[in-house]
Amino acid sequence: MKNLPVRMARWSAARPWRGIVGWFVFVVLCLGIGISVGTNAATTEDFRIGEAGRGEAIAAEGGLQQRPVEHVLITAKPGTGNLDIAAADSAAADIAARMAKLPEVLHVADPVRSAGNTAVQVTVTLKGPELEGKKHVDALIGQTAVVQRAHPGLRVEETGSPSISKGVEKLRGDDLSRTEVIALPVTLITLLLVFSSVAMALVPLLLALSSIAAAVGLSMVASHVFPDAGVGTNVILLIGLAVGVDYTLFYLKREREERARAGGRLSPQAVVELAAATSGRAVVLSGLAVAVSSATLYLADDVIFSSIATGAIVVTLVAVVSSLTVLPALLASMGMRAERRAERRAARGLAPRKQKTYKTGPGRLTAAVLRPVTKHPVATLAVTVAGLVALAAPLLGLKLTDMGRETHSRSIVAMQVYDRLNAAYPELKSMHQVLVRADADRTSEVTAALRELAADVKEDPRLSGASQLTVSPDKRISMLQLQVPHYVSSDEAQSSLKDIRDTYVPQTVGRVKGAETAVTGDVARYTDYPTHQEQKLPLIIGALLLVTFTMTVWAFRSVVLGLVGVVLNLLSAAASLGILVMVFQHTWAEGLVDFTSTGSIGSRVPLFLFVILFGLSMDYQVFVISRIREAALRGVPTRKAVIEGIGSSAGVVTSAAVVMVTVFASFAALHLIEMKQIGFSLAVAVLLDAFVIRMLVLPSLMLLLGEANWWPSRGVRRVRRSTEQAPLTLESVS
């Protein structure tokens, strides 16, 4: 009763209004400071990965980096027949003149007619870095709309990286709003069913939302150390609602159990302290596990994963702080109000309200599930593990790709135009850029080699034959751009990149003495990012296993339980990923989950799933094993302690899992394919973890291990010896 959670709970419970007001002041301060310092957004340089990133750095050194580009496409209106080429040329000239006057525009290219004169397009290059194009594209879209109104007989529309990014950002915002509309009511209904009290149901939700608000502010501050890649807020919402409700739920359930067990003999403050001594410790351990697990994402050496890690760590730690400070204050305040109501009833001569009785042991459903586990642990373990391994089998066929532009939802208008543009101008689908850095006096040698390369690939059917050679003003950097009339994910684009890197470049510019070469561009970016993730995956999984093992051993002083935690988390994660591959790498579930299969999984999904699932699994593991260990430390035989611990924690674990699944499943309804995959996989993972791992595999394994569960800890053995000498009774424990 002297550990940190108890001391914090004791202070808050004794001064409830200070605790409540202090928490909300903390939330406001976090938001205020965050808004005042602003968000430090990741720059183009932060996203550079592999050889493609090295090539981009060389290009930027010579002022040849990619710029934000928009394309204005002019075609005939559907149902009006062939394009009036004279009218289209007039509209293109109008577009070019208007765009050239905009301060956001760097350059307007001459209009280009498509093969067969079915379309005319004007390429507009914006000023500034590539990532900032979406901030300035509104002015261009406005001018395109003006030209469309001036030429009603034509279809004048705009697409490009900036307008697509803007459309994706809007779609993401709309999707997140919809997930809140789904997740919040379902979470509230679940909590109402758990507590049968509006006040008690609102507490977890309000604390989770306030924790999210504080975390958003703190993440803005943290972005000045770890730049925000634009996904931090999404992660805070995803993780914050799940863990915020879970931690509060663990604490509330234990407080109600202790209050019911006390039967009015203890003050509200004393009951809160008892809850803090048990569930408070479990919450701290769980929160630290999630935070430390999330921190392994920094090993990915990727700004997106750094952003994800920062958001997950900040919101988890804030949720832990809320459960240790303001939650005890709220519970103590509510308890004192209940006491005052009881006193007023007594003063009026009314009978006291009937107190809710505390029911020990598992409920009927849990007892039914545990019955075969207790009678046949070997068979239960063998069947469930075999089932999980079978679910994990599709993981052997996992194919990772970067979910690029072509995978975005066609509900975005700019994506519809993107498809029409690529149909009329296939050469705009993607491109290779060969970068060479050499001394200025070797410029002629380098450009000759690049022209030789262009000639070598001119007849390659995988390329369009079009090329452009550019040299930096200081003559040190040269770039050859080759157009690829295929999408970046196509076999043609991928094989052409391999041949350029492995054959064409070494045989031409690779022979220039002292020259540094790199191949970048759309295809290279698409290829190098998944390769980078695959290389980092073993390192991060290894770190995760070490973290899981270390945290479990530290929490329970048991090497055996540490190994059990590692094995169970691997089983759960592998089975979840296997189901993800089964669903998203094929087409059979497209109608059920509302997506178009790319035949692959987003390269960020496995890393994200492994890390977040390992952290969240510790929630259930710490909570369940804590209850089992409590019973064992009271002298209960291990077999009985396992059944008692699983049974007493089943209700809260089930409720917490329902909340998490609701939150994650709402993300599976998003339009963005990678977010859909993340939401789906996390929802499946939590279901497996809560209902298969914790209800079947864990108890079966612990029953078979018996007293070996606690090795090498002496705490349980010490209790066993004292129990044999003087058996514990309920009165002696009290």
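**Figure 1. The largest nonpolar core of this predicted model has 161 residues.** Phe584, Phe608, Tyr620 and Phe664 are the residues with the most contacts inside this core. Helix H20 (residues 605–633) supplies the largest share of the core, 19 residues. A second, separate core has 26 residues, among them Val446, Leu450, Leu482 and Val519.

**Figure 2. Surroundings of Phe664.** Leaving aside residues up to four places away in sequence, Phe664 touches Leu238, Ala242, Leu616, Gly679, Phe680, Leu682, Ala683 and Val686.

**Figure 3. Helix H2 (residues 16–37) packs with helix H7 (residues 198–222).** The angle is about 30 degrees, and the axes are 7 Å apart. H2 passes H7 in a left-handed crossing. On the H2 side, the contact residues include Trp23, Phe24, Phe26 and Val27; on the H7 side, they include Leu207, Ser210, Ser211 and Ala213. Sorted by class, the contact contains 15 nonpolar, four polar and no charged residues.

**Figure 4. An open sheet of four strands in the order S8-S9-S7-S10.** The pairing is antiparallel. Strands S8 (467–471) and S10 (516–521) stand at the edges with a single partner strand each, so one side of each has no neighbour in the sheet. From one strand to the next, the twist averages 15 degrees. Strand S7 (residues 430–437) pairs with strand S9 (residues 477–484) over eight bridges; Met431 has Gln483 in S9 as its bridge partner.

**Figure 5. Helices H3 and H16 at the sheet.** Helix H3 (residues 50–61) packs on the sheet and touches S7, S9 and S10. The direction of H3 makes about 105 degrees with that of S10. Helix H16 (residues 491–507) lies across S7, S9 and S10, and runs at about 20 degrees to S7.

Technical notes: Residues numbered from 1 in each chain as written. Predicted model: local features only at pLDDT ≥ 70, side-chain atom pairs only at ≥ 80, totals over all residues. Heavy atoms only, no water. Axes fitted to C-alpha atoms, helices over the stretch in contact; angles between N-to-C directions. Helix = DSSP H or I, 4+ residues; strand = E, 2+ residues; numbered from the N terminus. Left-handed = near helix turned anticlockwise from the far one by under 90°. Contact = heavy atoms within 4.5 Å. Nonpolar A, V, L, I, M, F, W, Y, C, P; charged D, E, K, R; others polar. Core = buried A, V, L, I, M, F, W, Y, C linked by side-chain atoms within 4.5 Å. Buried < 20%, exposed > 50% of the residue type's maximum accessible area, 1.4 Å probe, protein only. Pairing = 2+ DSSP bridges.
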